[in-house]
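Have the viewer open and follow along.

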Amino acid sequence: MESGRPAAKGAAAKRPAVKTIVIDCDPGIDDALALALAHGSPGLEIAGVTTVSGNVSLARTTANALALREYLGFPEVPVVPGSARPLLRPPINAAGVHGDHGLGGVRLPEPALPPAPGHAVDFLIDTLASRPGEVTLVAIGPLTNVALAVRKEPRITEWARELVILGGSYTRGNVTPAAEFNMAADPEAAAVVFGAGWTVTMIGLDVSRSALATGPVLDRMRALGRLGTELLAPCAEFYGMVTATEGPAIHDTCAVAYLVDPSLIEVQPAVVEVETAGRLTSGMTVVDFELAGRAPNALVGTSLDVARFWDLTLSAYARVRPTARSLSG
Ligand code: BDR
Ligand code: CA
């Protein structure tokens, strides 16, 4: 045990109204839209952004996080690079849906500021240790950084106010019939995180598949001005075909929206285990709502209030003032 670490007990009683969050991410189109939502939400304070290999390489997710930080207007927030590959497996990516750069066809201005020194795993540990019971961790990429942090310092499970992830599914996957991308990319890490003794709030595809950026939603994005026309709408359009009633699911925003207003998403206690051995089912989240005497290790999202979700998300986007430097096209 390291000395000088605080105890978590009693800290919850003094929680401030504004939620302090660290976002572990792999931008990524929906990660970008989730970062914009977090920044535009007065109820959230972003204490740091950590990056992980996922949708695209670590170099690209970090470059995108740095560019988004400056474009969206939170240059004071540290961006800390993390794991370049999953715990055991070769990396997979989702460049097919996010584009080779990770933000579809959008090219943000080159960031002027560098990443923070150090590694995401240490940043996560130090940030959670510095304010026990106060900092919420929201993980919207593969769980490699979070798993390494929990292995290096198991007490983060006590120090985190809450862990909310975007990932998993109890119905069907999107990378395979069984597995959602963030789980499939690093199943061993996901298994470590779900088995660590804290309660994981799992916002999975069962919920996020209904967060569709339909034509009317895109119209509302464009009506916001530059943020909508330069970033939000082009990203969403790249992400999938848009009609009046269908469109791409903007998955990662759901996890951040839940932090702003938990009443948007119904959650139910469950035991969640992650399949790591299956030839066809690797990365599957096996969700048991029945419990049968077992203690739950997760709160699993089961439904989303779609209309209120978009109202909240678009109101937050309306508060974001992108920097004036023009995009390179
Ligand atoms: C998740 O996979 C990634 O491609 C997205 O960014 C999101 O985190 C959805 O399955
Ligand atoms: Ca993501």
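A disulfide here is a pair of cysteine sulfur atoms within 2.5 Å. By that rule the structure holds zero disulfides. Before going on: this is a predicted model, where local features need pLDDT of at least 70, side-chain atom pairs count only at pLDDT 80 or more, and totals for chains, interfaces and linings use all residues. Residues are numbered from 1 along each chain as its sequence is written, chains are lettered from A and ligands numbered from 1 in written order, and side-chain values use heavy atoms, leaving out hydrogens and water.

Back to the cysteines. The sulfur of Cys235 has its closest cysteine sulfur in Cys25, 13 Å away, so a bond is out of reach. Cys254 is in no disulfide either, with the sulfur of Cys25 again the nearest, at 16 Å. Cys235 is buried at 0% relative accessible area (buried means under 20%, with a 1.4 Å probe and protein chains only), and Cys254 is buried at 0% too.

Asp26 sits in the loop between strand S1 (19-25) and helix H1 (29-39), and Ile140 in the loop between strand S4 (135-139) and helix H5 (144-152), so the pair links parts of the chain 114 residues apart; helices (H or I, at least four residues) and strands (E, at least two) are DSSP runs numbered from the N terminus. Asp26 is buried, at 0% relative accessibility, and Ile140 is buried at 1%.

What about the nonpolar core, meaning buried Ala, Val, Leu, Ile, Met, Phe, Trp, Tyr and Cys residues joined through side-chain atoms within 4.5 Å? The largest has 61 residues, and Ile23, Val49 and Leu72 are among those with the most contacts inside it. H1 gives the largest share, eight residues. Beyond its neighbours within four places in sequence, Ile23 is in contact (heavy atoms within 4.5 Å) with residues including Leu35, Val49, Val138 and Ile140. A second, separate core of 37 residues includes Phe123 and Met202.

Notes:
Buried means under 20% relative accessible area, exposed over 50%, partly exposed in between (1.4 Å probe, protein chains only).
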